[in-house]
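Let's take a walk through this structure together, one piece at a time.

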Amino acid sequence: MNKKRVFSGVQPTGNLHLGNYLGAIKNFVDLQNKFECIYCVVDLHAITNHHNPKELKSNILETIATFIASGLSEEKNIIFNQASVSAHSELAWIFNCVARIGWMNRMTQFKEKAGVNKENASVGLLVYPNLMAADILIYKATHVPVGEDQKQHLELTRDIAKKFNNDFKCEDFFPIVEPVIPKEISRIMSLRDGKKKMSKSEESDYSRINLKDDKDLINQKIQKAKTDNGPVPSDLNELKNRPEVSNIISIYANINNIKVSQVLSEFGGKNFSTFKSKLSESLIEKICPIGQEIKKLLKDEVYLNGILEKGAKRADLIAKTNIKEIYKILGLTKYS
Ligand code: AMP
Ligand code: TRP
């Protein structure tokens with residue numbers, strides 16, 4: 001049996017939002033006291049789409065600042081950026097040769113990101129899930145905390161691990177990873193449309209709460225959040241077909257670490273303006289200190305770069321040992 005090891009990655013898009021926090025980063029913080037955890041800023045994933053090199057550099061630092069401001073310890077966890085550890089790319093190439101083209105074509109994220117002009121998408125965008133599988137398996141990680149949108153990529157990671165173990169007759173070499181997806185709220189939806197996930201790419205800033213938003217902006221965004229004409233429901237069944245209402249109720253439950261049923265018994269029958277005031281209060285209490293800390297940390301680039309440097313050394317030590325073993329299994333030799 002493999003020892004439990006947690007790995008997760010976040011793209012350096014800058015300006016992380018409540019979906020990233022509740023869907024992933026809050027979970028990272030909970031796991032750090034229970035397991036050995038490796039958290040990575042996946043900068044090589046960020047170049048699969050057009051990007052601006054200057055912005056990428058500052059977004060990497062901002063993602064690290066967000067990790068630390070959210071409560072991740074740089075000592076307890078290995079925190080680093082993907083480009084610093086070359087074994088990620090080496091294993092991704094190997095997985096390009098293990099995974100099948102048909103598997104890639106089925107990925108919904110590829111279809112969404114490539115849009116109508118699939119032929120014009122980068123090859124990197126198509127094989128993105130192989131790099132993601134390499135990120136995880138180069139450390140033989142067993143548990144991966146992510147939002148629900150990444151579930152399909154983790155299933156693919158399992159398929160790659162099984163095929164590799166099977167093709168090269170090395171049973172149990174790569175573990176079959178378990179996703180760790182928050183139960184109560186696996187997907188935070190847009191505040192403007194409860195059927196779309198909260199995302200950095202949605203045009204309206206009113207669709208999301210950014211971790212750096214100040215008190216007034218959070219208040220305004222919540223006051224404007226879409227609801228419907230009914231009161232706050234008292235019963236779980238009444239949440240059906242009310243996606244915007246379900247979303248803000250789940251956000252309240254998650255940010256306060258309580259169950260949705262508790263929210264319904266507290267607010268059921270009341271009007272939304274009462275509920276929204278309480279939701280804003282909770283968000284301001286939890287999110288604003290993180291935003292303020294991010295802004296403070298961003299002024300200290302030396303400190304942030306130091307975290308990346310130390311983390312890269314620790315990660316590289318594990319990755320190098322594993323890539324050598326992988327090459328050996330494949331009949332390849334790494335002389336240096
Ligand atoms: P990304 O910024 O796409 O690299 O996402 C980083 C992490 O945040 C991943 O684990 C995603 O699954 C998670 N995430 C992003 N958007 C949302 C959302 N709207 N709801 C829940 N989780 C999310
Ligand atoms: N694909 C993930 C996302 O878009 C980011 C990611 C890259 C990741 N490598 C990973 C997440 C490894 C978990 C584990 O959110």
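**Around the two ligands**

Start at helix α1, residues 18–31: with four residues, this helix gives the largest share of the shell around ligand 1. Keep in mind as you look that what you have on screen is a predicted model.

The shell around ligand 1 has 16 residues, and the ones that come nearest are Q11, G147, D149, I188 and M198.

Now zoom in on the backbone, where some polar atoms sit close to ligand 1. A backbone N or O atom of G147 is 2.8 Å from an oxygen atom of the ligand, and a polar backbone atom of Q11 lies 2.9 Å from an oxygen atom of ligand 1. How much of ligand 1 does the protein cover? On its own, ligand 1 has 480 Å² of accessible area, and the protein covers 90% of that.

Y128 has a polar side-chain atom 2.7 Å from a nitrogen atom of ligand 2. In the side chain of D135, an N or O atom is also 2.7 Å from a nitrogen atom of ligand 2, while for the side chain of Q150 the distance from an N or O atom to a ligand nitrogen is 3.0 Å. Ligand 2 taken alone exposes 370 Å², and 91% of that is buried by the protein.

Finally, zoom out to see the whole chain. It's divided into domain 1, made of 5–186 plus 301–330, and domain 2, which runs over 205–296. Their C-alpha centres are 30 Å apart. Where the domains meet, 14 residues of domain 1 are in contact with 17 residues of domain 2. Between them the two domains bury about 1,500 Å², with 65% of it on carbon and sulfur atoms. On the domain 1 side, L18, E184 and I185 supply 36% of the area buried against domain 2, more than any other three residues.

Technical notes
Residues numbered from 1 in each chain as written. Chains lettered and ligands numbered in written order. Predicted model: local features only at pLDDT ≥ 70, side-chain atom pairs only at ≥ 80, totals over all residues. Heavy atoms only, no water. Polar contact = N/O pair within 3.5 Å; in protein donor to acceptor, adjacent residues only side chain to side chain. Areas by Shrake-Rupley, 256 points an atom, 1.4 Å probe, with all protein chains shown as cover. Domains from an automatic or database assignment. Contact = heavy atoms within 4.5 Å. Buried area = accessible area lost by both parts, 1.4 Å probe. Near = heavy atom within 4 Å. Helix = DSSP H or I, 4+ residues; strand = E, 2+ residues; numbered from the N terminus.
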